[in-house]
Amino acid sequence: MKISFDEFSKLAFLIASIMKDLERSGHDNVRQGDIVEKMVQKLELENTERVASLERTAETAKKVKNVINYLINNEGVLMISQDAKTKDDRYLTLSTNLDL
């Protein structure tokens with residue numbers, strides 16, 4: 001699944017912002033599935049003119065998961081703090097070098 005650089009940048013910023021907000025509220029480690037759920041809710045509510053279909057929701061979730069994996073493996077923005085058998089169950093934390 002390909003996305004534009006602008007869409008990637010938007011998703012990456014939103015993911016980092018959500019992580020930063022959760023960190024401020026005392027959650028240093030966040031389950032990846034919870035991040036995906038928050039992102040899908042935020043993005044679907046943002047597009048109120050469009051009816052949120054099951055296909056669209058699944059596509060948005062897949063994009064978010066791909067961006068999260070890229071931020072872990074290529075950018076070093078996110079780190080896995082506790083691995084699990086499924087990616088949605090692993091816990092993530094923000095890199096200490098990140099500045100928003």
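Asn69 is placed in helix α3 of this predicted model. Its relative accessibility is 15%, under the 20% limit, so Asn69 counts as buried. Leaving aside residues up to four places away in sequence, Asn69 touches Lys87 and Arg90.

**The sheet**

Three strands form an open sheet in the order β1-β3-β2, and their pairing is antiparallel. The edges are held by β1 (30-31) and β2 (78-82); each has a single partner strand, so one side of each is left without a neighbour in the sheet. Strands of a sheet pair through backbone hydrogen bonds, either parallel or antiparallel. Between β1 and β3 (residues 91-94), which run antiparallel, there are two bridges. Val30 stands opposite Leu92 in β3.

Helix α1 (residues 5-24) packs on this sheet and touches β1, β2 and β3, with a direction about 90 degrees from that of β3. Helix α3 (residues 54-75) also packs on the sheet, touching β2 and β3; its direction makes about 90 degrees with that of β2.

**The two helices**

How do the axes of α1 and α3 cross? They come within 10 Å and cross at roughly 75 degrees. The two helices are therefore roughly perpendicular to each other. On the α1 side the contact is made by Glu7, Phe8, Leu11, Ala12 and Ile15, and on the α3 side by Lys63, Val64, Val67, Ile68, Tyr70 and Leu71. Of the residues in this contact, nine are nonpolar, none is polar and two are charged.

**Salt bridges**

Side chains of opposite charge can pair when their charged atoms come close. The whole structure has seven salt bridges, including those in the table.

| Pair | Closest N to O distance |
|---|---|
| Glu7 and Lys63 | 2.9 Å |
| Glu59 and Lys63 | 3.5 Å |

Glu7 in helix α1 and Lys63 in helix α3 are 56 residues apart, and their pair links distant parts of the chain. Glu7 is partly exposed, at 27% relative accessible area, whereas Lys63 is buried, at 16%. Glu59 and Lys63 both lie in helix α3, four residues apart, which is about one turn of the helix. Glu59 is partly exposed, with a relative accessible area of 39%.

The pair of Lys65 in helix α3 and Asp88 in the loop between β2 and β3 also links distant parts of the chain, 23 residues apart. Lys65 counts as partly exposed at 30% relative accessibility, and Asp88 is partly exposed at 26%.

Technical notes: Residues numbered from 1 in each chain as written. Predicted model: local features only at pLDDT ≥ 70, side-chain atom pairs only at ≥ 80, totals over all residues. Heavy atoms only, no water. Pairing = 2+ DSSP bridges. Contact = heavy atoms within 4.5 Å. Axes fitted to C-alpha atoms, helices over the stretch in contact; angles between N-to-C directions. Parallel < 35°, antiparallel > 145°, perpendicular 65-115°, else oblique. Nonpolar A, V, L, I, M, F, W, Y, C, P; charged D, E, K, R; others polar. Buried < 20%, exposed > 50% of the residue type's maximum accessible area, 1.4 Å probe, protein only. Salt bridge = Lys/Arg side-chain N within 4 Å of Asp/Glu carboxyl O.
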